[in-house]
Amino acid sequence: MTRAAIYLRISRDLTGQRLGVDRQREAAEKYALANDYEVAEVFTDNDISAAGGKRRPGFESLLAALADGRVSVVIAWNWDRLTRNRPDTVQLIEMCQRTKAKVALVRGSDLDMSTPSGRMTAGILAEVAQNEIETKGERQSLAQRQRASMGRAPKGMRPLGYSVNGEVLDDEADAVRRIYASFNAGASLRAVALALSGDERDDLPNLPTMQKHSRTVAIERNAKRAADGFDPRPVPSDGPWSPSTVLGILRNPRYAALPT
């Protein structure tokens with residue numbers, strides 16, 4: 001029986017429940033069974049975009065499995081779950097060509113990378129995905145500039161310290177100021193994250209204990225959904241703040257009154 005690897009990816013998982021990748025896995029496993037493939041390994045990149053050159057540990061492990069000969073088929077939901085940028089596309093095509101591996105798409109046609117037509121089709125799909133990313137980016141930038149010219153707050157998840165309407169939330173704004181002050185005073189990203197998470201060690205900066213911002217926003221959105229007569233959506237569990245979240249706050253141009 002042919003050994004296959006399933007690759008799962010979703011760009012955004014606001015709830016942390018992994019529902020998107022779970023749906024992909026269920027469909028991929030049914031596809032494998034119907035096509036007589038043995039699922040040898042499953043690789044997942046949850047809440048990770050395939051655009052912009054971000055590291056994808058699951059994708060890197062998939063390439064390693066192909067290089068080692070552990071699998072000879074890659075099963076994915078569709079092509080843009082696998083790759084949406086040119087460098088990753090080239091890596092995948094070259095690896096599959098060298099190992100004579102095939103890409104099987106649950107929502108699409110199988111691609112034999114050992115043939116010129118298979119590689120051409122993969123390249124076309126990658127260019128289509130790249131075009132979609134660039135077109136979407138232009139559209140979103142125009143919409144954001146229009147909102148700014150109208151004096152309206154940007155769309156998307158509200159930053160810590162601001163309401164969805166762009167009004168300053170005093171308690172959160174104070175926390176943002178103290179995060180900047182702590183970092184400027186020499187506190188590390190990890191120390192700031194630990195302090196926000198409620199760690200009481202003496203060497204940590206003096207910061208308020210706060211639940212994760214993604215959880216706060218999810219609860220607020222559910223309150224609005226309830227007011228509008230809709231069912232609530234899953235709320236991510238609380239947990240410690242991560243240094244990367246702190247870094248995102250420090251790098252957010254909005255806190256410096258710069259264009260976003």
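Tyr162, Tyr180 and Tyr255 are joined into a cluster by ring pairs. Rings of Phe, Tyr and Trp (its six-membered ring) pair if their centres lie within 6.5 Å; planes under 30 degrees apart count as stacked, over 60 as edge-to-face and the rest as tilted. Across the whole structure, a search finds three aromatic pairs.

This is a predicted model, where local features need pLDDT of at least 70, side-chain atom pairs count only at pLDDT 80 or more, and totals for chains, interfaces and linings use all residues. Residues are numbered from 1 along each chain as its sequence is written, and side-chain values use heavy atoms, leaving out hydrogens and water.

**Tyrosine 7 and phenylalanine 59**
- These two rings have centres 6.1 Å apart and planes at 75°, so they form an edge-to-face pair.
- Tyrosine 7 is in strand E1 (residues 2-10) and phenylalanine 59 in helix H2 (residues 57-67), 52 residues apart; helices (H or I, at least four residues) and strands (E, at least two) are DSSP runs, numbered from the N terminus.
- Both tyrosine 7 and phenylalanine 59 are buried (under 20% relative accessible area, with exposed over 50% and partly exposed in between; 1.4 Å probe, protein chains only).

**Tyrosine 180 and tyrosine 255**
- Here too the pair is edge-to-face, with ring centres 6.1 Å apart and planes at 75°.
- Tyrosine 180 is partly exposed at 23% relative accessible area, and tyrosine 255 is partly exposed at 21%.

**Charges over rings**
- The charged end of arginine 254 sits over the ring of tyrosine 162, 4.1 Å from its centre (NZ of Lys or CZ of Arg within 6 Å of the ring centre and within 35 degrees of the ring normal).
- Arginine 56 lies over the face of phenylalanine 59, 4.2 Å from the ring centre.
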